[in-house]
Amino acid sequence: MKKTVLLSVVASTMIMAGGDIAPAPVVETSSWNFNGEAVVYYQTNDIGTAGVVNLGTLGDYDLFSQDSSAANVGLRLSAVNADLFAGIGAGVEVVGLGTLGLQSDVVSGVMQTGNGSLNSGAWTQGYLTYGFGNTSLKVGRQTLPKGLSPFAFSETWNVFQNTFGAALIVNTDVSDTALVYAYVANANSHADLSDFNDLNVAGDDGVHMFTVQNKSFEGLTLTGTWYYAPDMLVTDDVNILWADASFAISDYTIGLQGGTILTGEPGLVEDTTSFGAKVAADFGMFDAYLAYTTVDEGTVGIANLAGGGTPYSETVLYTQMLANVLAVSNDNDTFVVNAGLDALGGRFGLAYGYTTDNSVFDVDYQEVDVSYTANITESISVLAAYIYSDLDIAGPSSANTLRFWARYNF
């Protein structure tokens with residue numbers, strides 16, 4: 001059984017879920033706590049891109065055919081000690097990834113590798129923590145949540161999350177307010193969890209992030225973030241300003257988001273500006289939301305700086321779906337309607353999105369997602385999803401994708 005929640009390691013630190021940042025109590029223990037996860041992950045489609053990493057020449061593009069299918073089995077092991085000595089804590093995480101021989105006649109790709117090899121492992125987290133008063137510090141390889149770091153965050157769609165080499169400081173001295181600073185040096189790749197690369201490749205420094213979140217008024221959460229990346233474009237610094245406001249009243253939630261990526265505009269590089277709105281309702285077993293986002297013709301897209309650039313990567317935009325990030329992150333207007341129903345021991349989801357491409361390419365995009373997620377037991381969770389995507393181009397333009405995974409937490 002899982003002995004502790006992983007985030008409890010951050011001795012008087014923070015709990016961050018759904019964008020919330022709050023202080024956690026000091027954990028008075030000097031013992032190690034262990035937890036882990038076993039995963040089986042399978043994806044297939046009819047366009048020939050089996051997975052994040054393809055193992056051979058593709059040819060048969062039918063659903064469930066070997067050439068257009070990818071799979072992984074994975075094992076994650078974590079160890080956490082909240083107080084090694086003098087209030088200093090530590091955490092470490094390693095993962096192993098393989099196929100159990102499925103590449104012989106079932107799949108031709110994998111979703112992740114540990115070090116580029118078919119059966120391999122990776123050291124994904126390793127950090128030290130320290131807390132004093134209402135301030136906490138976490139340094140080393142770690143996950144970063146989207147609600148805290150909207151342009152450099154750990155994504156959850158793949159077998160295991162990507163991680164970062166970072167220093168994170170959280171202070172909650174001001175009532176109902178969290179002040180956050182992060183220095184992010186590098187990040188690994190979804191394709192290869194051992195492949196850590198600088199987030200600011202051209203600059204001599206990493207990426208600095210400052211976030212302020214305030215919840216002084218009931219139902220209202222205000223979050224503002226500033227990223228500063230010195231010399232990221234060789235001759236110019238990059239500044240990212242992003243804000244999010246969420247107001248909940250009764251069964252309804254209204255969200256507004258927006259910001260800009262300031263590049264200094266060297267050469268042909270242009271700044272990027274984006275805005276989004278979302279209205280959601282929750283009626284017990286039924287929930288729904290309608291979202292709209294717009295991104296102008298700026299050069300740098302509204303997407304995770306460490307997302308890996310696959311269609312399945314994630315973005316902070318309200319209109320993110322299971323496979324639309326490449327369509328919504330640059331020069332477009334997008335609408336998404338999403339509905340959910342709690343039934344049969346889990347949640348059924350149905351979403352439709354339409355993206356109008358405002359670039360010179362004028363390739364509109366639409367997607368339908370049908371999903372089912374469930375917690376079978378306290379330790380076992382499953383997902384089954386169908387993705388239909390279509391590009392407004394001549395010739396073959398649509399794709400069907402199926403994704404299945406099961407996770408056992410211990």
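Are Glu-37 and Arg-76 buried or exposed? In this predicted model, in which local features require pLDDT of at least 70, side-chain atom pairs count only at pLDDT 80 or more, and totals for chains, interfaces and linings use all residues, both Glu-37 and Arg-76 are buried, where buried means under 20% relative accessible area, exposed means over 50%, and partly exposed lies in between, with a 1.4 Å probe and protein chains only. Residues are numbered from 1 along each chain as its sequence is written, and side-chain values use heavy atoms, with hydrogens and water left out.

The chain contains one helix and 23 strands, which are DSSP runs numbered from the N terminus (helices are H or I, at least four residues; strands are E, at least two). Its radius of gyration is 21 Å, close to the 22 Å that the globule rule gives for 410 residues, so the chain is as compact as a globular protein of that length; the radius is taken over C-alpha atoms, and the rule is 2.2 Å times the number of residues to the power 0.38. The C-alpha trace spans about 65 × 50 × 45 Å along its principal axes, and 47% of the 410 residues count as buried. The accessible surface of the chain amounts to about 18100 Å², with 62% belonging to carbon and sulfur atoms, as computed by the Shrake-Rupley method with a 1.4 Å probe, where for residues only the protein chains shown count as cover. Among contacts (heavy atoms within 4.5 Å) between residues at least 6 apart in sequence, 57% join residues at least 24 apart.

Side chains of opposite charge can pair when their charged atoms come close. The structure holds five salt bridges, a salt bridge being a side-chain nitrogen of Lys or Arg within 4 Å of a carboxyl oxygen of Asp or Glu. In one of them, the side chains of Glu-37 and Arg-76 meet at 3.2 Å, N to O; Glu-37 lies in strand S3 (residues 32-45) and Arg-76 in strand S5 (residues 69-85), so this pair ties together parts that are 39 residues apart in sequence. Glu-37 also forms a salt bridge with Arg-407 (3.2 Å, N to O), and this pair links distant parts of the chain, since Arg-407 belongs to strand S23 (residues 398-409), 370 residues from Glu-37 in strand S3. Both Glu-37 and Arg-407 are buried. A further salt bridge joins the side chains of Lys-146 and Glu-314 (3.7 Å, N to O), with Lys-146 in the loop between strand S9 (135-142) and S10 and Glu-314 in the loop between S18 and H1, 168 residues apart. Lys-146 counts as partly exposed at 26% relative accessibility, whereas Glu-314, at 9%, counts as buried. Salt bridges with shared partners join Glu-37, Arg-76, Glu-93 and Arg-407 into one network.

The loop between S18 and H1 also holds Thr-315, which counts as buried at 0% relative accessibility. Leaving aside neighbours within four places in sequence, Thr-315 is in contact with Lys-146, Phe-153, Ile-302, Ala-303, Gln-320, Val-325 and Val-328. Thr-319 lies in the loop between strand S18 (286-295) and helix H1 (325-328) and is buried, with a relative accessible area of 0%. Beyond residues up to four places away in sequence, Thr-319 touches Ala-291, Tyr-292, Thr-293, Asn-324, Val-328, Thr-334 and Val-336.

A nonpolar core is a set of buried Ala, Val, Leu, Ile, Met, Phe, Trp, Tyr and Cys residues joined through side-chain atoms within 4.5 Å. The largest has 27 residues, of which Phe-151, Phe-164, Leu-168, Val-184, Leu-199, Tyr-227 and Ile-302 touch the most other members. Strands S10 (164-171), S11 (177-187), S13 (207-214), S14 (220-229) and S15 each supply at least two residues of this core. Another core, of 18 residues, lies apart from it and includes Val-39, Met-111, Ala-323 and Trp-405.

On the surface, Phe-247, Ile-249, Tyr-252, Ile-254, Val-279, Phe-283, Met-285, Phe-286, Leu-341, Leu-344 and Phe-348 form a nonpolar patch with about 1100 Å² of accessible area together. Patches are made of residues with over 30% relative accessible area and no salt bridge, like charges being joined within 9 Å and nonpolar side chains (Val, Leu, Ile, Met, Phe, Trp, Tyr) within 5 Å. Strand S15 (238-249) and strand S16 (252-262) each supply at least two residues of the patch. Phe-348 lies in strand S20 (residues 346-357) and, at 34% relative accessibility, counts as partly exposed.
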